[in-house]
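Colleague: Could you give me a close look at a single part of this model and tell me what surrounds it? I would like one connected account, with cut-offs wherever a term needs them.

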Amino acid sequence: MTRMTAYHRLLDEKIGDRPVLQVAKEWGVPQWVLYDGLREEAKLPSAKYMAAIARGMGLTVEDLLDRLTPQGVVA
């Protein structure tokens, strides 16, 4: 069994059963940004899309980073 990254887990939770294309449009990001996280090609959203991803998840950028980075690691 493979472990999911924290970003993959959080995306999976926030997207739920909705189509990724729909969520990408709602959040104002290209769909590949979400697919990269779901495929674990990205462990964090890029800085360019970080604010939009956080907003879409109902979080601040700081809260999102807190959830995605281990304690004590400077992002």
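**The helix and its surroundings**

Modeller: The buried residues of α3 are V33, L34, D36, G37 and L38, where buried is under 20% relative accessible area, exposed over 50% and partly exposed in between (1.4 Å probe, protein chains only). The helix label comes from DSSP runs (H or I, at least four residues; strands are E, at least two), numbered from the N terminus. Bear in mind that this is a predicted model, so local features need pLDDT of at least 70 and side-chain atom pairs count only at pLDDT 80 or more, while totals for chains, interfaces and linings use all residues. Residues are numbered from 1 along each chain as its sequence is written, and side-chain values use heavy atoms, with hydrogens and water left out.

What lies over those buried residues? The cover for the buried residues of α3 includes α1, α2 and α4, contact being heavy atoms within 4.5 Å. One of the residues under that cover, L34, also belongs to the largest nonpolar core, a group of 21 residues. Such a core is a set of buried Ala, Val, Leu, Ile, Met, Phe, Trp, Tyr and Cys residues joined through side-chain atoms within 4.5 Å. L34 is among the members that touch the most others, together with L11, W27, V29, I53, M57 and L64. Helix α3, spanning 31-38, gives two or more residues to this core, and so do α1 (6-15), α2 (20-27), α4 (47-57) and α5 (61-68). Of these, α4 gives the most, with six residues.

Leaving out residues up to four places away in sequence, W27 touches L34 along with L11, K14, I15, A52, I53, G56 and M57.

Q31 sits in α3 and counts as partly exposed at 35% relative accessibility. Beyond its neighbours within four places in sequence, Q31 meets V20, L21 and A24. The C-alpha atoms of Q31 and L21 are 5.6 Å apart, although 10 residues separate the two along the chain.

At the other end, the charges come in. The structure holds three salt bridges, each a side-chain nitrogen of Lys or Arg within 4 Å of a carboxyl oxygen of Asp or Glu. D36, buried in α3, pairs with R39 at 3.9 Å, N to O. R39 also pairs with E41, their closest N and O atoms being 3.4 Å apart. E41 is exposed, with a relative accessible area of 55%, and the shared partners join D36, R39 and E41 into one network.

Another salt bridge links R18 and E26, with 2.7 Å between the closest N and O atoms. R18 is partly exposed at 30% relative accessibility, and E26 is partly exposed too, at 46%.

Most residues other than glycine have a negative phi. E40 lies in the loop between α3 and α4 and counts as partly exposed at 29% relative accessibility.
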